[in-house]
Amino acid sequence: MATSTSVPVSLPVPRIPRTRRPVQEILAASPLVTERKVLLAAPRGYCAGVDRAVVAVEKALEHYGPPVYVRKQIVHNVHVVSELESRGAIFVEENEEVPEGALVVFSAHGVSPAVVQSAADRGLQTIDATCPLVTKVHREAVRFAKNDYEILLIGHEGHEEVEGTYGEAPEVTTIVNNPEEADTVQVENPDKLIWLSQTTLSVDETMEIVRRLRKRFPNLQDPPSDDICYATTNRQAAIKNIAPQADLVIVVGSANSSNSVRLVEVALDHGAKAAYRVDFANEVDETWFEGVSTVGVTSGASVPEVLVREVVALLAEYGFNDVAEVTTAEEDIIFSLPKEIRSKLKESGDEERALGGRGPRPASR
């Protein structure tokens, strides 16, 4: 009897139309609001590591042809994943779902040595799109483990990035999820101890965890350089600047995006009266605008600018036409594409995009 090979099928995320309350009804519910404005955080959106990973999949589809398999979501954004699926990318959870000998891209969040080995065992062609800043943390874990350090890894257990970093030195690594765990975690040698972290955490919460750890373990060492990436830090700093002025903050980003979820928390912790996360403009509830004069808008590091523009356009429909971009930092970091892609581009004479980085955004309206 003939057998068939099943291929994972994924449908695009539907944009379900929303029946909205009339603009005049919302405005009538806010008679005391005479001025409506939007504070648009900058930096926001795509970071260099995300751009590099997305371009790597796009170039793989161009030069190898579909299907291109991707282990896990290339970045944590449902729109990006849906767009790449429409072009022939197939997202899988594990290497075992990839046909032997096929091409697989490792996501921006990084993988453990065990995942690399399992790909080799199946004869898979691999493209490693791990963000270089995540790779830096992996190398730190390897180096300190070799020097007989015990590692306290601050991060969210189960997150792909944490799984990858933990997998570099599981025998000597303990994950610390939150400040409460910092008060109870046990170590073997408190005199040879270092902390590392997931790159997308809340800066403030991470420092609180470190403070509590150091209170218990005075000889705890810091990583050689900050593990929380520049993009996460910059986006949190930007929303901290806007939050005290905002009646409402809207964060564009997906639920599984750690840095997007953290932006909501940071906004509330620093003075925003309300803050919500949405994937798309059609998820915004117009009743949020009642009594609101100032809306802060930002987006996580895996969010394309088009999604932010759709939110700004919706706000304009409800009278928020005064848009001011509030800039707290300039970003010009770019990363080379994965070596496997660079080699393929050189072979084919494609010099159009050998770098991944944050391209220019449309000017604020």
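Helix H9 passes helix H10 in a right-handed crossing, the near helix being turned clockwise from the far one by less than a right angle. The model is predicted, with local features requiring pLDDT of at least 70 and side-chain atom pairs pLDDT 80 or more, while totals for chains, interfaces and linings use all residues. Residues are numbered from 1 along each chain as its sequence is written, and side-chain values use heavy atoms, without hydrogens and water.

H9 spans residues 230-242 and H10 residues 258-269; their axes lie 9 Å apart and form an angle of about 30°. H9 is therefore roughly parallel to H10 (angles under 35 degrees). The contact (heavy atoms within 4.5 Å) involves Thr-232, Arg-235, Gln-236, Ile-239 and Lys-240 of H9, together with Asn-259, Arg-262, Leu-263, Val-266 and Ala-267 of H10. Of the residues in this contact, four are nonpolar, three polar and three charged.

Four aromatic pairs are present in the structure, a pair having ring centres within 6.5 Å. The ring centres of Tyr-276 and Trp-288 are 3.9 Å apart and the planes meet at 5°, so this pair is stacked (planes under 30 degrees apart). Tyr-276 belongs to strand E10 (residues 275-278) and Trp-288 to the loop between E10 and strand E11 (294-299), so the pair ties together parts 12 residues apart in sequence. Trp-288 is buried, with a relative accessible area of 17% (buried means under 20%), whereas Tyr-276, at 33%, is partly exposed (between buried and exposed, the latter being over 50%, with a 1.4 Å probe and protein chains only). Ring pairs also link Phe-289, Tyr-318 and Phe-320 into a cluster.

Note on methods. Axes are lines fitted to C-alpha atoms, for helices over the stretch in contact, and angles run from 0 to 180 degrees between N-to-C directions. Helices (H or I, at least four residues) and strands (E, at least two) are DSSP runs, numbered from the N terminus. Angles under 35 degrees count as roughly parallel, over 145 as roughly antiparallel, 65 to 115 as roughly perpendicular and the rest as oblique. Ala, Val, Leu, Ile, Met, Phe, Trp, Tyr, Cys and Pro count as nonpolar, Asp, Glu, Lys and Arg as charged, and the others, Gly among them, as polar. Rings of Phe, Tyr and Trp (its six-membered ring) pair if their centres lie within 6.5 Å; planes under 30 degrees apart count as stacked, over 60 as edge-to-face and the rest as tilted.
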